[in-house]
Amino acid sequence: MEKKEVVFRIKRFNPKRDSEPYYQEYRITVPKGMTILEALHVIKDEIDPTLAFRSFCRSAICGSCAVKVNGFPKLACKTQVFSELDKFGTDTLTLEPLDNMEVIRDLIVDWDKPLKKMEEMKPYLIPDPSVVPSTLDEETRVYPEELKKYDRFTDCILCTSCFSACTAAQMDEGYGGPFQLARVYRFAVDKRDALKEERAKIGYAYDMWNCVRCEKCADVCPKHVGPVDGIMRLRGLSIKVGLKDNPGARHVFAFYKSILESGLLNEVLLPLRAKGIKGVLENLPVGIKMILKGKAHSPIMRPIAEHENLVKVMKAAMEVE
Amino acid sequence: MLTYDIVIVGAGGGGLYAALETSRRKGLKVAVLSKVYPTRSHTGAAQGGINAALGNVAPDSPEKHAYDTVKGSDFLADQDAVELMCEMAPKIIREMEHMGLPFSRLPDGRIAQRPFGGASFPRTCYAADKTGHVMLQTLYEQCIRFGVEFLNEWFALSLVHNGERIAGLTAVNLRTGEIVGIRAKAVILATGGHTRIYWKRTSNALGNTGDGPAMALRAGVPLKDMEFVQFHPTGLRRTGILVTEGARGEGGYLINAEGERFMKRYAPEKMELAPRDLVSRAIETEIMEGRGFEDEEGNKFVYLDLRHLGRKKILERLPQIRELAIDFEGVDPIEEPIPIRPTAHYSMGGIDTDKYGRTVIKGLYAVGECGCVSVHGANRLGGNSLLDIVVFGKIAGEDAAESVVGLELVDFPEVEVKEQEERIKSLFDGEGSEKLSQLRRELSDAMSEGVGIFRDEERIKRALEKVREIKERAKKLKVYDRELTFNTNLQQTLEFLNMVEVAETIALGALERKESRGAHARTDYPKRDDENFLKHSVIRRGEDGELRLTWKPVVITKFQPEERKY
């Protein structure tokens, strides 16, 4: 059977003892089919019992073992060593703890911060007495297409990979976080819930408009939940419940208006429409630079050819949504 | 020293349901203590579903559910407890539905149900193939809603009682390494199963190490029916990772190397949907008689073929199974059959309790897989474990909440904490001439060989001797990591010591039960022997440290034992 000598370069840190993190290398023989988690256990069992990492179900459902493999969050248990070696064209894999959380020891991070955030955001169904039966003799009727609206978002295993990769969480302490906001959306579209769309206000309070749509959360999610989709839909719901007078919503409307007018994005008017005079002032230095470099377009834009058809497509798409 | 009214050990479905139940009663100070964060527990790995006679797909009744369960148990289950569970099943399913659990639905909006092994009707409610996962998430969400307090990543070390009443427990806070005494008027153990003892081939999580039963044993609390270990028919070839019974429930075939659906020889009527003990024996027999496959690594297996179900059904009903097969076996079930072999899966035995989850010590409860009511007897039916944990979690939570009102705390001697500190210190100072990974492998081999799917006196005796030898050698283990912060080396050593203690009771029970019943298949006693063994084995550790086995009658109400045919 195929075997390879592999170097695992593991970031180690015990804040109680070490002044700063360091990397330690372990060389082991890896047979084809071995996962990163199995390799970690080989290292712990045969080379270094002091190496600290979490693991539990080893079948990609408990969310314990997420670590960074060559910079990308992965569940160690479902990631094959060979496939990572092939992907990076290397015989060395660097394992590090997830980002955006404090390191407790080695690959173990403190989950309390992101989980506390989720707890604050009412991540539970509050039954709507007009929908959920009052006795246990009956179940709520939920049709398969109603389940479909949130089914995917219930796949989240709280591994915090998305939180680790999240650009907004890194910059904004008040940001709810990808898996947390996706869970808010999950309940917002469950007809059994008493708050329903009103939950979008929780998303608003937790800075959901600060999501920059980098979509890293969707890329790294081992369960293919795609938190960003939930966040985008939650934004839509917030406009629906009347949260229109804020930079985020106005930004969306500015896009919408611009495309409706010309089929093109009017970047010159965007700051004004989204944030008003404040937006113009904020963007002024960049704007002047762009004008000087000849990169700015005229604020008046002529509609693209086929513009009418584009508007038809947009309207049809909105009806489907 | 911490003080609570109730401490629940374990944050799986049983522990969380108990916690929810206690949170309904205002003014009680309750904590859930778990060695992992909630939602990491192994309840989440349950895939196929949860049984309840809702009758949404075909007419059904709790009584028929009870009969199937009792028959599945090979008549060893206590029928009063089974009736209680099956009676409560529809209500508790709806209760969880009302909490938001995203069950799969029928076109008319009611909860969908699928066929499962050993059941007369499609009775298993499910959420695709991730039922345990969504159940655990839903219960956790509701625990947040009702402000349940969690002690995450605490490892329970010992139970403290005065011979009559529980006084609390000791535990180590893994994050700080501090050993803490916790006083409580009631302690509910919900620590899960122990088939990690079969280390090399099991569907269990790395932490399913029998911590609850081991603590109970050390505290003089008896264990029941420990010889009954369920081997799930369909574990993935290499890892033993679970492939849900739902795969066969949806119509999957088992195929041997001759291309034949071999179940026709073992269960002509139920075929692939016979109970697990029977299907596992059938697969092992095929392999032993040379009709299995063997790969280049020497793994022996048969096929679980889903291809005829078609892409749409596989993607809709078994999406997770497809992904597991791709990630862990490199096989896409839409295109190829999945190589599988039985895997150690579930412990029917556990801490001896009554139908309220009460043990012999007042205020000490055990629920779910770590306990034994018994509702599963000699063989558990698929879909009944998720039901067991929520029903008895609820009942025990309710009973504990009622019982602690107006009760005083029992004296908790400080020396109990000191003793645990000493015990752990002695592990740091161990001789180190034995190696943990080596002993764990030897334990796994001894148990698989001696008390696996087929057993006989000679093999069981060998296993028992080996386990006792390992127990002695384990005294020379050493914990090399001396840090206080998150010492996983200490944790894995403590878990191993727990497994060794529990393993001994499995072998002892298996030796004394000279018959074949359910999952306990003895080739030297191939028949069920109701005259001598229609009874529960009860093992307790005496003051002298020796295990003692006694017997306890089975409760029979409606269903007289009969031959078990499928």
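**Close-up views of a predicted two-chain model**

View 1. The elements of chain A that give two or more residues to the side touching chain B are helix H1 (36–47), strand E6 (103–105), helix H3 (112–120), helix H4 (144–151) and helix H7 (178–188), and H1(A) gives the most, with five residues. Sorted by class, this side of chain A has 35 nonpolar, 14 polar and 24 charged residues. The interface also holds 16 salt bridges, including the one between Asp108(B) and Arg141(A), whose closest N and O atoms are 3.9 Å apart.

**View 2. The area buried between chain A and chain B.** Between them the two chains bury about 5900 Å², with 49% of it on carbon and sulfur atoms. Of the area that chain A buries against chain B, Phe56(A), Arg58(A) and Glu139(A) supply 15%, more than any other three residues.

**View 3. Helix H9 of chain B and its packing.** The buried residues of H9(B), which spans residues 319–329, include Ile321(B), Leu324(B), Ala325(B) and Phe328(B). The buried residues of this helix pack against strand E11 (229–236) and strand E15 (338–347) of chain B, and the helix is followed by Gly330(B), whose phi is positive, near 65°.

**View 4. Thr234(B) in strand E11 of chain B.** Thr234(B) lies in strand E11 and counts as buried because its relative accessibility is 0%. A polar atom of its side chain lies 2.6 Å from the backbone oxygen of Val243(B), and among the residues that Thr234(B) touches are Ile241(B), Leu254(B) and Ile340(B).

Technical notes: Residues numbered from 1 in each chain as written. Chains lettered and ligands numbered in written order. Predicted model: local features only at pLDDT ≥ 70, side-chain atom pairs only at ≥ 80, totals over all residues. Heavy atoms only, no water. Buried < 20%, exposed > 50% of the residue type's maximum accessible area, 1.4 Å probe, protein only. Helix = DSSP H or I, 4+ residues; strand = E, 2+ residues; numbered from the N terminus. Contact = heavy atoms within 4.5 Å. Polar contact = N/O pair within 3.5 Å; in protein donor to acceptor, adjacent residues only side chain to side chain. Buried area = accessible area lost by both parts, 1.4 Å probe. Salt bridge = Lys/Arg side-chain N within 4 Å of Asp/Glu carboxyl O. Nonpolar A, V, L, I, M, F, W, Y, C, P; charged D, E, K, R; others polar. Lists of a residue's contacts leave out its neighbours within four places in sequence.
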